[in-house]
Amino acid sequence: MPKAKPFTKDQIRNAMDKTLSVRAAARYLNCSYQHLKPYMKSYKDETTGKSLFELHKNQSGKGIPKF
């Protein structure tokens, strides 16, 4: 089994800029949602003090087409 690849804060920030949700960011980084979630929770935003996960989650699905 291959080792899990850790993500840097810059990689996650880049994925956040290009996507609308955490699930889409996981797809962008080519990993699963469950793998990305702990990394996003471990990094904090300097200005707000919230985790990157809290900043990027999109529970209402705004901007995402629903078929």
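Mentor: A residue is called buried under 20% relative accessible area, exposed over 50%, and partly exposed in between. Keep in mind that this is a predicted model. R13 has 27% relative accessibility, so R13 counts as partly exposed.

Trainee: How does the radius of gyration of the protein read against that of a compact globule?

Mentor: For 67 residues, a compact globule would be near 11 Å, and the protein has 12 Å, which agrees. The C-alpha atoms fill a box of roughly 35 × 35 × 15 Å along the principal axes. Contacts give another view: among those between residues at least 6 apart in sequence, 53% join residues at least 24 apart.

Trainee: How should I read the interior? Which residues have the most contacts inside the largest nonpolar core?

Mentor: In soluble globular proteins, nonpolar side chains tend to be buried together. Here the largest nonpolar core has 13 residues, and those with the most contacts inside it are F7, I12, L29, C31, L36 and M40. Helix 1, helix 2 (22-28), helix 3 and helix 4 each supply at least two residues of this core. Across the protein, 30% of the 67 residues count as buried.

Trainee: Which residues does L36 touch, leaving out those up to four places away in sequence?

Mentor: L36 touches F7, I12, V22, A25, A26, L29 and C31.

Trainee: Now the charged side chains. How many salt bridges does a search of the whole structure find?

Mentor: Side chains of opposite charge can pair when their charged atoms come close. The search finds three salt bridges. One of them joins E46 to K9, with the closest N and O atoms 2.4 Å apart. That pair links distant parts of the chain, since E46 sits in the loop between helix 3 (33-42) and helix 4 (52-56), K9 lies in helix 1 (residues 9-18), and 37 residues separate them. E46 is exposed at 63% relative accessible area, whereas K9 is partly exposed at 21%.

Trainee: Where does R13 come in, and which residue is its salt-bridge partner?

Mentor: D45 is the partner, with the closest N and O atoms 2.5 Å apart. D45 is in the loop between helix 3 and helix 4, and R13 is in helix 1, 32 residues apart. D45 has 10% relative accessibility, so D45 counts as buried.

Trainee: What about K57 and E54: what is their N to O distance?

Mentor: Their side chains meet in a salt bridge at 3.4 Å. K57, at 32%, counts as partly exposed, and E54 is partly exposed at 41%.

Methods
Residues are numbered from 1 along each chain as its sequence is written. This is a predicted model: local features need pLDDT of at least 70, side-chain atom pairs count only at pLDDT 80 or more; totals for chains, interfaces and linings use all residues. Side-chain values use heavy atoms; hydrogens and water are left out. A salt bridge is a side-chain nitrogen of Lys or Arg within 4 Å of a carboxyl oxygen of Asp or Glu. Helices (H or I, at least four residues) and strands (E, at least two) are DSSP runs, numbered from the N terminus. Buried means under 20% relative accessible area, exposed over 50%, partly exposed in between (1.4 Å probe, protein chains only). A nonpolar core is a set of buried Ala, Val, Leu, Ile, Met, Phe, Trp, Tyr and Cys residues joined through side-chain atoms within 4.5 Å. Contact means heavy atoms within 4.5 Å. The radius of gyration is taken over C-alpha atoms; the globule rule is 2.2 Å times the number of residues to the power 0.38.
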